[in-house]
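Biologist: I'm new to this one and would like to learn how to read it. Could you put it on screen and walk me through a few features?

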Amino acid sequence: MNTSAEIQDVLAMPTWFVVGLGDNPERDAYWVARTLQDHGRRIVPIYPRAEVVHGEQGYATIAEAALAVGPPDVVDVFVRADRAGQFADQAIAAGAKAVWFQFGVVDDAAAARVEAAGLMMVMDRCPKVELARP
């Protein structure tokens with residue numbers, strides 16, 4: 001369980017790689033990424049088709065994006081829990097400072113790997129919801 005201060009520390013980080021962010025306004029990732037932008041965060045879409053979303057160039061992989069724009073501060077994961085661990089591992093390899101698993105994305109083994117690597121880990125929460133808190 002994260003403390004409010006830990007969540008605020010992650011929310012304050014400037015560069016967010018958003019895994020699963022495509023140009024589809026029917027998906028939650030689309031609106032969460034917009035909210036992050038509205039709060040001054042840079043978003044980098046990570047999506048197989050490498051689409052431009054909210055004016056930001058997308059990349060097919062975390063590694064490709066890290067080479068192009070530098071390491072992420074946060075890797076925000078919008079995929080099913082059974083796929084989330086691979087992105088946590090990629091976030092570690094890319095030099096991220098934190099990993100954020102969205103609502104419903106719970107993988108305790110991946111979270112343990114993230115924390116063992118010295119990164120902050122937020123799981124089963126949404127930054128859009130957390131940014132709206134007073």
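Modeller: Let's begin with the two faces of a strand. In a regular strand the side chains alternate between the two faces of the sheet. This is a predicted model, and in it β1 has T15, F17 and V19 on one side and W16 and V18 on the other, all of them buried.

Biologist: Which strands pair with β1, and over how many bridges?

Modeller: To read pairing, follow the bridges. β1, residues 15-19, pairs with β2 in the parallel sense over 5 bridges. With β3 the sense is parallel too, over 4 bridges.

Biologist: Which residues stand opposite each other there?

Modeller: Take the β2 side: V18 stands opposite P45, and W16 has I43 as its bridge partner. Over in β3, V77 is opposite V19.

Biologist: What is the strand order in the whole sheet?

Modeller: The order is β2-β1-β3-β4-β5, an open sheet of 5 strands with parallel pairing. At the edges sit β2 (42-46) and β5 (120-122), each pairing on one side only. From one strand to the next, the twist averages 20 degrees.

Biologist: Which helix packs on the sheet, and what does this helix touch?

Modeller: Helix α1, residues 4-11, packs there and touches β1, β3 (74-77), β4 (98-101) and β5. The direction of α1 makes about 105 degrees with that of β5.

Biologist: And how does the chain get from β1 to β2? What hand does that β-α-β unit have?

Modeller: For a unit like this, name the strand, the helix and the next strand, then look at the hand. Here β1, helix α2 (residues 28-38) and β2 make a right-handed unit.

Terms used. Residues numbered from 1 in each chain as written. Predicted model: local features only at pLDDT ≥ 70, side-chain atom pairs only at ≥ 80, totals over all residues. Heavy atoms only, no water. Pairing = 2+ DSSP bridges. Helix = DSSP H or I, 4+ residues; strand = E, 2+ residues; numbered from the N terminus. Axes fitted to C-alpha atoms, helices over the stretch in contact; angles between N-to-C directions. Contact = heavy atoms within 4.5 Å. Buried < 20%, exposed > 50% of the residue type's maximum accessible area, 1.4 Å probe, protein only. Right-handed = clockwise from strand over helix to strand, strands pointing away.
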